[in-house]
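Dear colleague,

Please find below the structure I promised to hand over. I would be grateful if you would look through it before reading my notes, which follow.

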Amino acid sequence: MGSVSRNLDLGNKYLLAEDYDSAISAFSKAIEIDSMNADAYIGRGDAYKAKEDYANAWADYEKAQELSGDTDILRNKIGATEITVVAPNGSGVDGAAVQLIGSEHSYDFVTDSAGQ
């Protein structure tokens, strides 16, 4: 089956060569060997992101965050989105409830006095 490090190295080489399907395969093999390896999830997430498969990239980055404790992986890899709720006059709305629902994730927010 191979070693984790060999599959990580292979996955990174495929990423550099822009062979994303082969990279996904190599990183997936690394995950099969060691499902607790955050780097394998990050690498596979990078390959999915390059293929514009953001749902799978998000899931892998989220798993990498969980395993590593690094809460900035999603922000660094996918970016951040800011949502501001405003009244018709443009002022922030304190305590407004906001729910975002997607096919894979949903989030609930309550705004502060700035509407964020």
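**Notes on two neighbouring positions and the whole chain**

A64 is found in helix 4, which covers residues 54-68. Please bear in mind throughout that this is a predicted model.

A64 is classed as buried because its relative accessible area is 0%, and the cut-off for that class is under 20%. What does A64 touch, leaving aside residues up to four places away in sequence? Its contacts are A38, Y41, I42, G69 and I73. One of these, Y41, is 23 residues from A64 along the chain, yet the C-alpha atoms of A64 and Y41 are separated by 5.6 Å.

Q65 also has its place in helix 4. With a relative accessible area of 16%, Q65 is buried as well. Beyond residues up to four places away in sequence, Q65 touches D70, T71, D72, I73 and L74. In the case of L74, a polar atom of the Q65 side chain lies 2.8 Å from the backbone nitrogen of L74.

Turning to the protein as a whole, its secondary structure consists of five helices and two strands, and along the sequence these follow the pattern α-α-α-α-α-β-β. The protein has 116 residues, of which 28% are buried. Of the contacts with a separation of 6 or more, 34% are between residues 24 or more positions apart. The protein exposes about 7300 Å², and carbon and sulfur atoms supply 47% of that area.

Yours sincerely

Technical notes. Residues are numbered from 1 along each chain as its sequence is written. This is a predicted model: local features need pLDDT of at least 70, side-chain atom pairs count only at pLDDT 80 or more; totals for chains, interfaces and linings use all residues. Side-chain values use heavy atoms; hydrogens and water are left out. Helices (H or I, at least four residues) and strands (E, at least two) are DSSP runs, numbered from the N terminus. Buried means under 20% relative accessible area, exposed over 50%, partly exposed in between (1.4 Å probe, protein chains only). Contact means heavy atoms within 4.5 Å. A polar contact is a pair of N or O atoms within 3.5 Å; within protein, one must be able to donate a hydrogen and the other to accept it, and residues adjacent in sequence count only if both atoms are side-chain atoms. Accessible areas come from the Shrake-Rupley method with a 1.4 Å probe; for residues, only the protein chains shown count as cover.
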